[in-house]
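Let's walk through a protein model together, one question at a time. Keep the picture open while you read.

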Amino acid sequence: MVCGDNPLAYRLVNELVTRFGAEVTVVLPSRNRNQGPRMAQLPGTRLVEAAYLDDAALRAGGVAEARALALVGQDDVGNIHAALRAYDLNPDLRLVIRMFNTSLGFRIRTLFADCAVLSDSAMAAPSFVAAALGEVAPSHVRLPGRTLYLSPRDAVPAGRIVCGMADTSSGITRFLPADQENADLVLAIADSTPDDPLARHGRSRVGRRLRFLLGNNLVRLVLTLVSLILLGLVLMATAGHAGFAGAVYQTLLDAAGDAVPNGQLDPFGKVVQLMITLAGLALIPVATAAVVDGLVRARLADPAPDPDRFGDHVVVVGLGNVGTRVVAQLHDLGVSVICVETDENARGVQLARRLGVPVVFGDATRDDTLRSASVGNARALLLLTSSDVVNLEAALQGRALHDDLRVVLRLFDDDLAERVERVLGIAISRSVSRLAASAFAAAVVERQVIGTMSIGRAVLMIAEVPVVAGSPLAGAPLSVANEPGEARVIALRQRGTDGRDDFNWTPRAAELLAPQDRLIVVATRAGLGRLLARSIAPITQPDAS
């Protein structure tokens, strides 16, 4: 069963019937509106109309006989309510719940025997990030509390390495080698440092801050006045023959406004004394104004970034569900980001402020707004609003400011996306629903893939494998789940005494696995299949007697 009437629901149903050959019942408000007509044309699909997801609607959809139920509405609370209703009607039902609030989702899932909580924006974000950074495919994945990325071993400190992914030194790629120390391609933890391998060409952060300071008129005036005072000190000590100690004493008095006229000074000395006095008198109010200006800027929410402060950064337009995920992952990877948003109450504004990411409030289709976000110096422009028109217009505006700018759009209309990509030569990332549908479909058929990473032509998967009571893994040491060349455990999720799930990112090989434990593994497709087979209880044949 699938409950929902949006692009994700349609693509999920399409994946289930065409890729997995499943028979699907869809519960939706109307078969004649939104995605209803398109879903009605899919083979093996039955539509049930219901204004509300109440018990009657779930019964009409056949929840009591269903194998799995996917709740893909955009209302987190509504999806939770429907899941609780369905669980009362069928406790053995597998639940797949769409939620933006994944921290809440990880707690909700513990209420049910068989439940997966997914975020479509979290699934799609790595593809947008990869496109922005010029990667062919995502080379990082977001897990609770951290972002992991693929990197050469010599590009990251040893303390940030999670595991070895591949050994390419011999000319033949060996995946997940048993001798981890020989792996020259590793999975590492991103810690927001700018030395990230995905941002090698970024400008010096110290240099950007220096340019920002020098770009402030008050700061430049303060530096000019201080330079004049220091110049007067040098001239008084050398040309005025006052000596260094005497020159310092006289300069401090003059700069403080306590200059005493000295008729014995030659004209040159009088000019120097006058210069020091005037510069000192002007320095105090100017320095005060600079400090006040800095405090005001710090208190005001999200001042517009100075164009000279940023370079080789990524501009993210739209701080909704997807934009919030993208900004968080770019920040984790150490990439400089500037955000553009029209709504000060948008979901991602608070996150941007907490991370110290500048936000420009304005219309992204306007030239001055994009200039405020330093698009002319940017490495990429990501347009992630919910409006195809705004995204397309802003893309053309960005290209007008920067001919070589990498532009990535979020477009809901697939036909429009293909034509824009072909005619305008703009890199197009497909809609969020298209990017997330495969993951939701895999979760419905109990394949817990969190993300994928491409190494050459091969693909390694990061997946969550539950340990089922009675399975070969239950009661066995964690080391038995590691299979060189095929699968390796990188984390262990265990049920805590308070009922919450706790992550152990450095599990011991001798750790005994218990039912309800969940392994976070990186594996090949074949290795993941074998590990999943060992994680479930064998089917016992009934006694013939």
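Q: At roughly what angle do the axes of helix α6 and helix α16 cross?
A: Keep in mind that this is a predicted model. Two packed helices are described by the angle between their axes and the distance between the axes. Here α6 covers residues 120-132 and α16 covers residues 432-444. Their axes come within 8 Å, and they cross at roughly 115°.

Q: Which class has eight residues in the contact of α6 with α16: nonpolar, polar or charged?
A: Look at who touches whom: α6 brings D120, S121, M123, A124, S127 and F128. From α16 come V432, L435, A436, A439 and F440. Sorting them by class gives one charged residue, two polar ones, and eight that are nonpolar.

Q: Which strands sit at the edges of the open sheet of five strands?
A: Read the strand order, which goes β7-β8-β11-β9-β10 with antiparallel pairing. An edge strand pairs on one side only. That gives β7 (140-143) and β10 (174-175).

Q: Which residue in β10 does A166 stand opposite?
A: Strand β9 spans residues 161-167 and runs antiparallel to β10, with two bridges joining them. Follow A166 across to β10, and you land on F175.

Q: Why is helix α1 described as largely enclosed by the rest of the structure?
A: A residue counts as buried when its relative accessible area is under 20%. In α1, the buried ones include L8, Y10, L12 and V17. The helix is largely enclosed because the buried count is nine of the twelve residues.

Definitions and conventions:
Residues numbered from 1 in each chain as written. Predicted model: local features only at pLDDT ≥ 70, side-chain atom pairs only at ≥ 80, totals over all residues. Heavy atoms only, no water. Axes fitted to C-alpha atoms, helices over the stretch in contact; angles between N-to-C directions. Helix = DSSP H or I, 4+ residues; strand = E, 2+ residues; numbered from the N terminus. Contact = heavy atoms within 4.5 Å. Nonpolar A, V, L, I, M, F, W, Y, C, P; charged D, E, K, R; others polar. Pairing = 2+ DSSP bridges. Buried < 20%, exposed > 50% of the residue type's maximum accessible area, 1.4 Å probe, protein only.
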